[in-house]
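Here is a briefing on one predicted model.

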Amino acid sequence: MRTVSVQLGNRSYAIKIAPGLLDQLGRECARLKLGARCAIITDTNVGKRYAKTAFNSLATAGFSPSLIVVPAGETAKSLKTVQTCYDLLAEHRLERKSFIVALGGGVVGDLAGFVAATYLRGVAFVQVPTTLLAQVDSSVGGKVGVNLKAGKNLVGAFYQPRLVLCDLDTLNTLPVREYRAGLAEVIKYGIISDAKLFARLERDLPKLLRREPKTLAEVVARCCEIKAEVVGQDETEGGLRAILNFGHTIGHALEVISGYGKYLHGEAISIGQVAAAGLSQKISGLPTRDVLRIENLLQAACLPVDVRLNPARRKKLFAAMRLDKKVSGGEIKFVLAKRIGQVEFGCQIPAALVEQALNLQLSTIN
Ligand SMILES: NC(=O)c1ccc[n+]([C@@H]2O[C@H](COP(=O)([O-])OP(=O)(O)OC[C@H]3O[C@@H](n4cnc5c(N)ncnc54)[C@H](O)[C@@H]3O)[C@@H](O)[C@H]2O)c1
Ligand SMILES: [Zn+2]
């Protein structure tokens, strides 16, 4: 088993990474000295495969679990589902010492984490991420929340889990498209902070696409280490944490204008990363060969790397980018790469320059 620790003073916690960890859930929770009553929050897809194992493991360790199953998909990340969860937690008489287990992908993690942060002004929670994206990204770092009609993740909190258990076996049932989308975040870690990881991904991509256990374990652990390091230095995104958004300004805008659903998040940020690499080449000196390596690796992972937009949609994309949370005073803030493994954040770039650079990048249908 690999263990990565997130250092946040008395809120520090461990991320444990190994196959077969779901069976150990009860034993691992027992070490945390929590109350007996707990609730597993999961979704329909994950619940039917893994809820029983999680439930039995907790019960065998002496806990009294209850199970809350929400619909699969992004729409479950809503205040309406939060309300349903609160009612069920009250029905099951969860107390201050009780805890919540988030069993699922990023949707379940963000939702259950937000419920845990707010129910009884906060109960403990444990993340058991079951998608590649959730294992390397969303389960680590304590950002929890739900969506509003007006936009994604507009209501939320910083609320750290007490433990993260990444059971690599659960990735075996993940649909291939979801798995590849997770690889976009994995590749991002190489670009933002680890040239060696990036080179390894170039070398070992076939193994990773086959979900070869040893490679997967090492790569997931390395990504968690990088995220843990960043979060340990900047928990609430005052500065450094912004580097995790490489490719996201453009990616998010693309998600918005496409209507959520056309692209998975990882697919949109794959395109966003290639565009950000192009912008980096023009503004922060990213060598051309690095731009090509980034594009080639994402493409080899079967991810989309460009998008054809007609002028009207291109206009919409830039408008969406200007509405992003990272904009201040009309200047769009970007994370730009200087070379693979090194980025700078908070780069204020006038919107006109961004449009000019990206017009060359995003192929256009007239
Ligand atoms: N909190 C953060 O820091 C953070 C970071 C990145 C993304 N996110 C959020 O994460 C969410 C996306 O997460 P996601 O990509 O994991 O999506 P998801 O949770 O919707 O999971 C994707 C799909 O895979 C299914 N699934 C999950 N695990 C499975 C398994 N092991 N086997 C079979 N099917 C499985 C789910 O039911 C769902 O249909 C978004 O809401 C995004 O905003 C949060
Ligand atoms: Zn992301």
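Helix H2 gives the most residues to the shell around ligand 1, namely four. This is a predicted model: local features need pLDDT of at least 70, side-chain atom pairs count only at pLDDT 80 or more, and totals for chains, interfaces and linings use all residues. Residues are numbered from 1 along each chain as its sequence is written, chains are lettered from A and ligands numbered from 1 in the order in which they are written, and side-chain values use heavy atoms, with hydrogens and water left out.

**Ligand 1**

- The ligand is surrounded by 26 residues, each with a heavy atom within 4 Å of it. The closest are Asp43, Gly106, Thr130, Thr131 and Thr173.
- Polar contacts here are pairs of N or O atoms within 3.5 Å. A backbone N or O atom of lysine 143 is 2.8 Å from a nitrogen atom of ligand 1.
- The side chain of aspartate 110 places an N or O atom 3.0 Å from a nitrogen atom of the ligand.
- Valine 107 has a polar backbone atom 3.1 Å from an oxygen atom of ligand 1.
- On its own, ligand 1 has 860 Å² of accessible area, and the protein covers 88% of it. Such areas come from the Shrake-Rupley method with a 1.4 Å probe.
- Helix H2 (44–60), H4, helix H5 (132–138) and strand E8 (151–158) are the elements that give two or more residues to the shell. Helices (H or I, at least four residues) and strands (E, at least two) are DSSP runs, numbered from the N terminus.

**Nonpolar cores**

- A nonpolar core is a set of buried Ala, Val, Leu, Ile, Met, Phe, Trp, Tyr and Cys residues joined through side-chain atoms within 4.5 Å. Buried means under 20% relative accessible area, exposed over 50%, and partly exposed in between (1.4 Å probe, protein chains only).
- The largest core holds 57 residues, and Ile15, Ile17 and Leu132 have the most contacts inside it.
- Helix H8 (residues 213–233) contributes the most to this core, with eleven residues.
- A second, separate core has 25 residues, including Ile250, Ile257, Met321 and Leu336.
- Contact means heavy atoms within 4.5 Å. Beyond its neighbours within four places in sequence, isoleucine 15 touches several residues, among them Val140, Val164, Cys166 and Cys224.

**Cysteines**

- The whole structure has zero disulfides, a disulfide being a pair of cysteine sulfur atoms within 2.5 Å.
- For cysteine 29, the nearest cysteine sulfur is that of cysteine 38, 7.0 Å away. Cysteine 29 is buried, at 0% relative accessible area.
- Cysteine 302 is partly exposed, at 43%.

**Positive phi outside glycine**

- Arginine 93 has a positive phi of about 55°. The residue sits in the loop between helix H3 (79–91) and strand E5 (99–104), and is exposed at 59% relative accessible area.
- Leucine 120 also has a positive phi, near 50°. The loop between helix H4 (106–118) and strand E6 (124–129) holds leucine 120, which is partly exposed at 33%.

**Alanine 357**

- Alanine 357 lies in helix H13 (residues 351–361) and is buried at 7% relative accessibility.
- Leaving out residues up to four places away in sequence, alanine 357 touches Leu279 and Lys282.
- From alanine 357 to histidine 92 is 265 residues in sequence and 55 Å in space, C-alpha to C-alpha.

Terms used: A polar contact is a pair of N or O atoms within 3.5 Å; within protein, one must be able to donate a hydrogen and the other to accept it, and residues adjacent in sequence count only if both atoms are side-chain atoms.
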